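Visitor: Before we look, I would like each label to be set against its cut-off.

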Amino acid sequence: MTNPRSAVRESDSHQSGASIAYGRPHQDGAVLDLFTSWARRTPHAPALVDGEQTLSYAELDALADEFVETLADRVHPGDLVGLCLDHSAALVAATVAVARLGAVHLPLGPRPGERRLQAVAEQLRPACLVGDPALLPPAHRDGLHRPLDAPGTPGVVAAFAADRTTGVRTPAGTLYTVLTSGSTGTPKAVAVAESGLGALLQWYRELTGLGPGDRHSLLIGVAFDPHLMELWAALTSGAALSVAPDAVRWDPAALTDWWRAAGITVGVLPTPLAEPVLDRPWPAGLTLRHLMVGGDRLRRTPGADVTATVHNAYGPAEATVVTTVHSMPPGADHGTGAPPIGRPVPGAVVLVTDEEGRPVPRGHAGELRIGGRGLAIGYLDAELTARRFVSAPDEVEGTDRVYRSGDRVLMRPDGVVEFLGRLDDQVKVSGVRIEPAEVEAALERDPRVRRAAVAARPGPAGGAQLLAFVQPAPEGPAPTGAELLDAVRPWLPEQAVPGTLRLVDAFPLDANGKIDRAALLKAEEAAQQAGPGPEEAATPTERTVLRLCRGLLGRADLEPADNFLDVGGTSVAAARLLAALEEEYGVRLRAPLLLRQPDLRAIARLIDDRLADAVAAD
């Protein structure tokens with residue numbers, strides 16, 4: 001339902017000079033019913049393309065109905081269903097099936113981590129987990145299994161816990177829930193209504209012109225909420241979802257090659273992958289019209305050669321994926337530096353407030369609070385919901401409550417919002433919000449750890465890097481940093497695993513008796529400046545590889561014998577290293593090959609071998 005007063009409110013707030021802005025009137029939009037409609041109208045049109053495999057709308061519709069029949073007697077409206085799946089026919093069909101059952105979709109991804117998944121199963125008690133039974137928690141591994149057969153994804157089952165108990169109640173109207181990092185050491189589950197997602201998808205379809213004949217990428221990690229926008233945007237518009245191969249998540253060149261080969265017309269990228277793509281010359285021959293970028297602060301604008309409209313989007317999971325957007329069409333001068341996060345999407349209300357929650361004048365920095373149509377129902381925790389979803393100030397119209405984002409922003413006189421950073425300790429690593437307290441709690445689960453402190457510092461290529469400082473338990477032999485990082489990986493998503501872990505005898509304390517993280521970072525910086533260890537590079541290529549890796553990972557102590565992944569290398573860092581090596585030597589490597597190398601010296605040898613082959617071919 002539209003709200004004609006929105007335009008008036010925008011004008012009034014602008015005249016008053018308060019940092020309040022309203023999106024234009026929104027249109028409601030269906031989600032599940034629109035997919036069903038397209039399946040009836042265009043049954044033979046492609047709905048899902050995964051490599052050589054294509055499912056039509058009719059075939060996907062039938063597969064979802066098969067899943068419904070398999071689950072119907074044990075999954076009921078409002079039940080949580082966790083999907084431990086990667087991008088696949090099984091994932092898409094299960095997502096549709098859960099919606100048809102009136103249940104609540106909880107996307108967890110293919111490998112959420114054994115301990116993390118166990119914690120989710122114990123805290124939220126989902127009615128069902130869907131995935132590879134070997135990767136599920138013991139109660140679900142040993143419980144009732146029902147096969148969910150789908151093309152290209154064998155071995156997937158719906159698993160029901162042997163000791164089935166009543167699950168956490170979800171609010172009425174919840175379509176899906178996603179996990180975000182929690183300061184208590186456990187993830188927070190955000191409940192989102194179908195009405196909020198439907199309104200967002202209606203705006204997204206209008207913005208991009210998405211419709212029959214289009215190909216939309218399916219690339220964002222399953223556990224992160226933009227994935228839901230990707231998936232449902234295509235299925236509610238008659239377009240086809242195209243599954244991105246694993247290699248493109250690491251390699252900007254492979255990504256743009258895939259865009260061309262797959263005929264992608266609309267896509268979404270996390271900011272850490274979008275930036276290296278925008279740093280390269282824009283490839284010719286792309287059909288890409290719109291590229292949505294989000295998840296972290298975008299630090300550059302598209303160049304004059306970019307032929308797609310690039311949208312810099314901002315939005316927490318608590319406000320249904322996208323709250324504000326700044327669009328940069330091709331052929332225009334977008335300036336230099338970081339673009340703003342723009343204006344609110346239709347139906348959204350944004351305001352910038354002081355510590356007491358009062359709107360500040362435009363041009364003044366403060367906390368971003370969000371209300372309106374896209375606001376989530378809340379968390380699956382009433383106390384946490386009450387703390388973060390609060391009453392709207394009296395002068396704000398069209399919304400009774402707002403979400404405190406914790407983000408520091410500034411609203412310009414023209415109503416455009418600029419992102420300035422975080423107000424609290426929460427940081428973003430590779431586009432994912434991380435609570436250091438959650439990482440500390442995961443480390444302290446290890447009996448060899450007495451206490452842990454996690455701090456963040458700016459990364460060499462932007463964003464943040466996590467560093468962990470651990471005081472070992474007095475009993476038993478002291479563990480190594482590598483052993484502790486290996487032990488903590490099952491508890492955390494990849495982005496939350498610290499790139500560096502240091503063992504300390506004691507922690508410095510500040511005047512209030514709290515751990516002085518600034519002092520820890522200062523000591524780490526001093527150690528870095530002391531220079532690398534005794535083993536130095538033996539060849540010019542080794543020296544170049546070391547220089548690049550030290551800069552990308554912020555580790556001056558790296559040596560040729562270090563393994564890239566063991567010293568903090570991530571998918572984003574690998575993508576940047578591949579681009580840097582190609583620029584340095586003109587040699588193009590693929591991420592899987594690079595990551596299979598045992599150490600940095602082997603990467604250098606790989607480069608030398610490729611250069612020698614090129615000379616011999618000439």
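Guide: What follows takes a few labels in turn.
This is a predicted model, in which local features need pLDDT of at least 70 and side-chain atom pairs count only at pLDDT 80 or more, while totals for chains, interfaces and linings use all residues. Residues are numbered from 1 along each chain as its sequence is written, and side-chain values use heavy atoms, with hydrogens and water left out.

Visitor: Why are tryptophan 259 and tryptophan 282 called an aromatic pair that is tilted?
Guide: Rings of Phe, Tyr and Trp (its six-membered ring) pair if their centres lie within 6.5 Å, and planes under 30 degrees apart count as stacked, over 60 as edge-to-face and the rest as tilted. Tryptophan 259 and tryptophan 282 are 6.1 Å apart, centre to centre, with 50 degrees between the planes, so the pair is tilted by that definition. Both tryptophan 259 and tryptophan 282 are also buried (under 20% relative accessible area, with a 1.4 Å probe and protein chains only).

Visitor: How do you know that the charged end of arginine 41 sits over the ring of tryptophan 38?
Guide: The definition asks for NZ of Lys or CZ of Arg within 6 Å of the ring centre and within 35 degrees of the ring normal. The charged end of arginine 41 is 4.0 Å from the centre of the tryptophan 38 ring, and arginine 74 lies over the face of phenylalanine 160 at 4.7 Å.

Key. Buried means under 20% relative accessible area, exposed over 50%, partly exposed in between (1.4 Å probe, protein chains only).
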